[in-house]
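Have it open while you read, as the points go from rings to helices.

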Amino acid sequence: MMLSRIARTNRRVGVGSAGVPPASFLQLNSSPNCRRDAGATNSRAGLAPRYPIARGQRVCLLAVLATAVFAAPAHATIDYTVSIAHPDRHIFTVTMRVPNAHNPLTVQMPAWDALYQIRDFSSHILQVSARDDENHALPLVKLDKQTWQVAASGAITISYPIYWDEPGPFATQLNADHAFLNLAMVLFYVPDRRAEDARIEFDGVPEPWRVAVELDPAAKSAPPGSTAFVAPSYDALVDAPAEIGVFDETRISAGGRPIRIVVHGDAGDRAHLSDTLKRIVDYEVTLMGGAPFREYMFLFHVGQNFGGGGMEHSNCTAISADIPAQLASYSAHEFFHAWNVKRIRPQSLEPVDRTREMYTRSLWFAEGVTNTYAAYTLVRTGLWSTQQFYADLANQIDELEMRPAHRWQSVEQSSLDAWYEKYPLYTRPEESISYYNKGELIGLAMDITLRDRTDNRASLDDVLRALNVEFAQRGKFYDDSEGIRAVAEQVIRKKAPDANADLKDFFAQYISGAAEIPFSSILESAGLALRDVAQHRASLGFTVARDSSGGFTVASLDPETPAGQSGLLEGDILLRLNGEVVPRAPDRWARDRQPGDRVSLKIRRGGEERDFSFSLARLADGNYQIAELQDATEKQKRIRNGILHGSTGPTR
């Protein structure tokens, strides 16, 4: 998932599917990162036993199998129909048919999807009804905000209208222009039957609208324009967003796979977009040793009305951008998620449960290191110049250091606290850092550290490939930061047995701890110099907000500044500044002075007036620059070129 590289405060992140986890042997197939592609084995397929079974054993085995069959719900296909016949009313009408239901039948709506936020999608439902196959109404009881129960057996049809008109890749929308569906925001599921086949049909599609979704058509020889599709599970179904409307579609071949490019809006030069995506896909597939999907779709919304950002899915991505120039960076990030987080997944996010928050310490890797590889992809494919890569890296360091919270909040804690991101207070610079931002920098720092210790024989690229083989390709999940550290140390030992493979201090200081990352010394190992070219100015040490009466109050107080240590509190009402009426623009007033100048401040707190005196803080207005060392050693050059070109070994 990715928001604008400039505005990352409302950070998304959807990495799974919904529901109470089914039995473990079903969960492997229901997890979105285990979606069945071409060549994958159907868990329900009849497989010959590996060893002969004696006759007596067969009787016992048949008895066990019979017990299992009659004890479990019958395996069948759950059918959904979604009508978009009323786009002007922004209402989808959903019908869900559940065969072979056992009394009582429980259905749920996910509480979250796409963003690490409990958004309670059931609040968009207008009413719910249930009927049997003879169209008789069935008793339906709502158990909690997202769960309903039907007291009946057999085939049960549940119907409900649901209202959505929110733009963006993390939302769902129906209007006169188009429909876009994140299906987990629309479809109920049966908690203990998530692993069963699912079928969906979009009804009431007006001419000349079409459906674009990365699912198999329901009919094997379905003609173009099909509106019915199938999936091997609920989780695979809702991991495929759908665009319905008038759009352009281009097909290319990249990474040895068919790639669909679906555009709603104006994405500019189509040939340029196709070339950009081909470079990204070719590079990242080669980097990771092959494509894990049969086919992939890029779904773009381009224009001022779609929001911004991107959302990853196993076999596709949905991206919204204001202008076409943003598509390359979004695409490089989202496409790398086809491995990192969709298939290379932390154990803390498995099995997926969309009824409640799921806490993980590893978003710095899932999202932040994906940012590292978005930047690597852009520079290694020539979509960015070397100077653009350096400028972006400098901006990331600026962004981290301008957030006072980096002094105390670790990137693991930032990952855990992702569920706070819907609260504006939490996203303030003094309250939190971004695991996207710091995770990207840790990815680069780890890469340089590995290359430096091994004389460029090992890299972060090797770590990602090892994680892919060890976990993704074996259907396993890594143990958050400890699992990543273990694999990184294995890579060092394998590539350079004589090198120091111990990364405990690195992880303790910069990942689980909040120690300052020594950017200057780390970058120097790669033949790079970090230069502080900031223009320093005076600052009050807090921002000023207006209260309901038009007065000024202290806001966003930096506790590390003289003002923050003077006893001032957020919410204090400003009365006088240096004995004068508080100016209309206090921040501008401070800029006209020098850091260290003494100021006096009279405030009111709880009906009592108080006086404070403190020095103006020193604030840097931008930024760092990164330049290549002219006298770099051969080793430094190898590491620098390894980062820029993705190479290891002695080449320069």
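1. First, the ring terms: rings of Phe, Tyr and Trp (its six-membered ring) pair if their centres lie within 6.5 Å, and planes under 30 degrees apart count as stacked, over 60 as edge-to-face and the rest as tilted. On that basis the structure holds 29 aromatic pairs. Take F336 and W339: their ring centres are 6.1 Å apart and the planes meet at 45 degrees, so this pair is tilted.

2. Before going on, a caveat: this is a predicted model, where local features need pLDDT of at least 70 and side-chain atom pairs count only at pLDDT 80 or more, while totals for chains, interfaces and linings use all residues. Residues are numbered from 1 along each chain as its sequence is written, and side-chain values use heavy atoms, with hydrogens and water left out.

3. Is F336 buried or exposed? F336 has 0% relative accessibility, so it counts as buried (under 20% relative accessible area; exposed is over 50%, partly exposed in between, with a 1.4 Å probe and protein chains only). W339 is also at 0% and therefore buried.

4. Both rings belong to one aromatic cluster, whose members include F335, F336, W339, Y376 and F389.

5. Now the helices (DSSP runs of H or I, at least four residues, numbered from the N terminus). Helix 6 (residues 363-380) packs on helix 7 (residues 386-401) at about 160 degrees, the axes 9 Å apart. Axes are lines fitted to C-alpha atoms over the stretch in contact, and angles run from 0 to 180 degrees between N-to-C directions. The contact (heavy atoms within 4.5 Å) is made by A375, Y376 and V379 of helix 6 and T386, F389 and D392 of helix 7.

Definitions and conventions
Helices (H or I, at least four residues) and strands (E, at least two) are DSSP runs, numbered from the N terminus.
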